[in-house]
Amino acid sequence: VFKYGDKYGYTKDYRLHLFENVMFKDQHKKEINFWQPSEFNEFIKVVDEHIYVALFDVLYWCGLRIGELLALTPEDFDFEKKTVSITKNYQVVRGEKLILTPKTAKSVRTIYMPEFLNEEMEDLINSMYEPDGKERIFPLSKRYFQHEMERGSEMSGVPKIRLHDLRHSHVSLLINMGFSALEIAERMGHESVRITYHYAHLFPSKQLEMINKLDEIKGELGDV
């Protein structure tokens, strides 16, 4: 109620924004599960159908939200530039299948794909029976793909995680590769502050580097 009044100009109180920040922190303190590249590799080895391999590869190596992935059509891909454009979101609301606008303005973005994934998606789309440029590439439901993921986890012996955890896996991989929160946020369609908050424990600590630099400066100044 307070947020509604603030949004539409019925009231203006800076304390509402403090309240919103507290709610944001309380709502998102959840355990993050993810697969290391070696675990994903073991999983993908037992996935036998081309469409499932492609779906899981896009989620893991590009970090898309599941709704973004299920909304993808052939026209979203530019194989010469090796990019995929995220411009829509697939949701089922009260049993009705809908193509909606993305979650936030930041969610509208263009993502570069690694070479192997670019080739994989091009092969998949070319293998489709006379694909329509606006036809969904992955026409099945989230629940169906979650079932396939659980089956593959059991067969490969890797820990069970959710479909959305493949997005977490991509973020943790990028952090491990040394990319900044700002760079990762741009790829993921997030605000950098959310990346920092959600994944702060995964970023390497800079404290040791800081004190080493401070020691260097003090050493250059000499003894007092």
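Colleague: Where is Leu-208 found?

Modeller: Leu-208 is found in helix H11, which covers residues 207–221; helices here are DSSP runs of H or I with at least four residues, strands are runs of E with at least two, and both are numbered from the N terminus. This is a predicted model, so local features need pLDDT of at least 70 and side-chain atom pairs count only at pLDDT 80 or more, while totals for chains, interfaces and linings use all residues. Residues are numbered from 1 along each chain as its sequence is written, and side-chain values use heavy atoms, with hydrogens and water left out.

Colleague: And is Leu-208 buried or exposed?

Modeller: Leu-208 is exposed, because its relative accessible area is 57%; buried means under 20%, exposed means over 50%, and partly exposed is in between, with a 1.4 Å probe and protein chains only.

Colleague: Which residues make the nonpolar surface patch?

Modeller: The patch is made by Leu-208, Met-210, Ile-211, Leu-214, Ile-217 and Leu-221, and it comes to about 640 Å². Patches are made of residues with over 30% relative accessible area and no salt bridge, where like charges are joined within 9 Å and nonpolar side chains (Val, Leu, Ile, Met, Phe, Trp, Tyr) within 5 Å.

Colleague: What does the accessible surface of the chain come to?

Modeller: The accessible surface comes to about 14500 Å², of which 54% belongs to carbon and sulfur atoms; such areas come from the Shrake-Rupley method with a 1.4 Å probe, and for residues only the protein chains shown count as cover. Of the 224 residues of the chain, 39% count as buried, and the secondary structure comes to eleven helices and five strands.

Colleague: Let's turn to charges, then. How many salt bridges does the structure hold?

Modeller: The structure holds nine salt bridges, each being a side-chain nitrogen of Lys or Arg within 4 Å of a carboxyl oxygen of Asp or Glu. One of them joins the side chains of Glu-68 and Arg-65, at 2.6 Å from N to O.

Colleague: Why does Glu-68 count as buried, and what about Arg-65?

Modeller: Glu-68 counts as buried because its relative accessibility is 3%, and Arg-65 is buried because its relative accessible area is 11%. Arg-65 and Glu-68 are also linked with Arg-109 in a network of salt bridges.

Colleague: Which residue does Arg-151 meet in a salt bridge?

Modeller: The side chain of Arg-151 meets that of Glu-148, at 3.0 Å from N to O. Because Arg-151 and Glu-148 are three residues apart in helix H7, they are separated by about one helical turn. Arg-151 counts as partly exposed at 28% relative accessibility, whereas Glu-148 is buried, with a relative accessible area of 10%.

Colleague: Changing topic to His-190: what does it touch?

Modeller: Not counting residues up to four places away in sequence, His-190 touches Arg-65, Lys-106, Arg-167, Ala-185 and Ile-195, where contact means heavy atoms within 4.5 Å. His-190 lies in the loop between helix H9 (181–188) and helix H10 (192–199), and it is buried because its relative accessible area is 18%.

Colleague: Last one, the strands: in what order do the three strands of the open sheet come?

Modeller: The order is E1-E2-E5, and the pairing is antiparallel; two strands pair if DSSP finds at least two bridges between them. Strand E1 (77–78) and strand E5 (109–112) are the edge strands, each pairing on one side only. Four bridges join strand E2 (residues 83–86) to E5, and the bridge partner of Ser-85 in E5 is Thr-110.

Colleague: Which residue takes a positive phi in the hairpin of E3 and E4?

Modeller: Arg-94 does, with a phi near 50°, in a hairpin that has two residues between the strands. Strand E3 (residues 89–93) and strand E4 (residues 96–100) pair in the antiparallel sense over five bridges, and Asn-89 stands opposite Leu-100 in E4.
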